[in-house]
Amino acid sequence: MSLDKFALLLLAFLILANFFHHSQGQNSEQDYLDAHNKARAEVGVGPMTWDVTVAAYALNYTNLRARDCNLIHSNGRYGENLAKGTGSFTGTDAVELWINEKIYYNNASNTCARDQVCGHYTQVVWRSSIRLGCARVLCSNGLWWFVTCSYDPPGNIIVIGSSSTLGKRASIWKILVLSLTILTIIIS
């Protein structure tokens, strides 16, 4: 092989390696789990495990949203956090956005500071959510990365009623949709 061909081959390899590093870095199953479990450990909540069924759901929904890149919840059977960002926005970046809401959350009173968003953070650390699946895709506009993490069982559910009744579930999804709108504005 001539020196020119070798140099060209080496250059192609370096470009591909750089692309692979940027497209795969901080987007693996373990990266998502590590980011979630670190935040959970900080508040004494046990670790989550990766679930292929939950991950398949997250990927399917993320692929659907990639068409328009709108932060709209699936309203499906799992808890869900959504985020989008440009450039080298990774899955770990998305998880960090959600975890950064911790500064507005008061664990003792289970409240969020006025005019702030905490629902993404509380989903990350929700004690009964033990199975995780996440996905990240490039939106069809070629500019935005869309990230979905799905949680099983879903968090941010308040059970109303005594232990002698089944109770009624009151979801805070409407609050989360509003939170996602605010999050979109912040990261845009």
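**Disulfides and salt bridges**

Reader: Which is R65, buried or exposed?
Author: R65 has a relative accessible area of 13%. Buried means under 20% relative accessible area, exposed over 50% and partly exposed in between, with a 1.4 Å probe and protein chains only. At 13%, R65 is therefore buried.

Reader: What do the values rest on?
Author: This is a predicted model, in which local features need pLDDT of at least 70 and side-chain atom pairs count only at pLDDT 80 or more, while totals for chains, interfaces and linings use all residues. Residues are numbered from 1 along each chain as its sequence is written, and side-chain values use heavy atoms, with hydrogens and water left out.

Reader: Which residue forms a salt bridge with R65?
Author: A salt bridge is a side-chain nitrogen of Lys or Arg within 4 Å of a carboxyl oxygen of Asp or Glu. For R65 the closest N and O atoms are 2.5 Å apart. The partner is partly exposed at 38% relative accessibility, and its name is D68.

Reader: How many residues apart in sequence are K102 and E42?
Author: The side chains of K102 and E42 meet in a salt bridge at 3.7 Å, N to O. K102 lies in the loop between helix 4 (91–99) and strand 3 (105–106), and E42 lies in helix 2 (residues 29–42); helices (H or I, at least four residues) and strands (E, at least two) are DSSP runs, numbered from the N terminus. The pair therefore ties together parts whose separation in residues is 60.

Reader: Where does R131, the partner of D152, lie?
Author: D152 and R131 form a salt bridge, 3.0 Å from N to O. D152 is in strand 6, 21 residues away from R131, which is in strand 5.

Reader: How many disulfides does a search of the whole structure find?
Author: A disulfide is a pair of cysteine sulfur atoms within 2.5 Å. One of them joins C112 to C118, S to S 2.0 Å. C134 and C149 form another, with sulfur atoms 2.1 Å apart. The search finds a total of 3.

Reader: Why is the disulfide of C134 and C149 given its handedness?
Author: C134 counts as buried at 8% relative accessibility, and C149 does at 0%. The torsion about their S-S bond is about 110°, so the disulfide is right-handed.

Reader: What is the angle about the S-S bond of C69 and C139?
Author: A disulfide joins C69 to C139, S to S 2.1 Å. Both cysteines are buried. The link is right-handed, with an angle of 55°.
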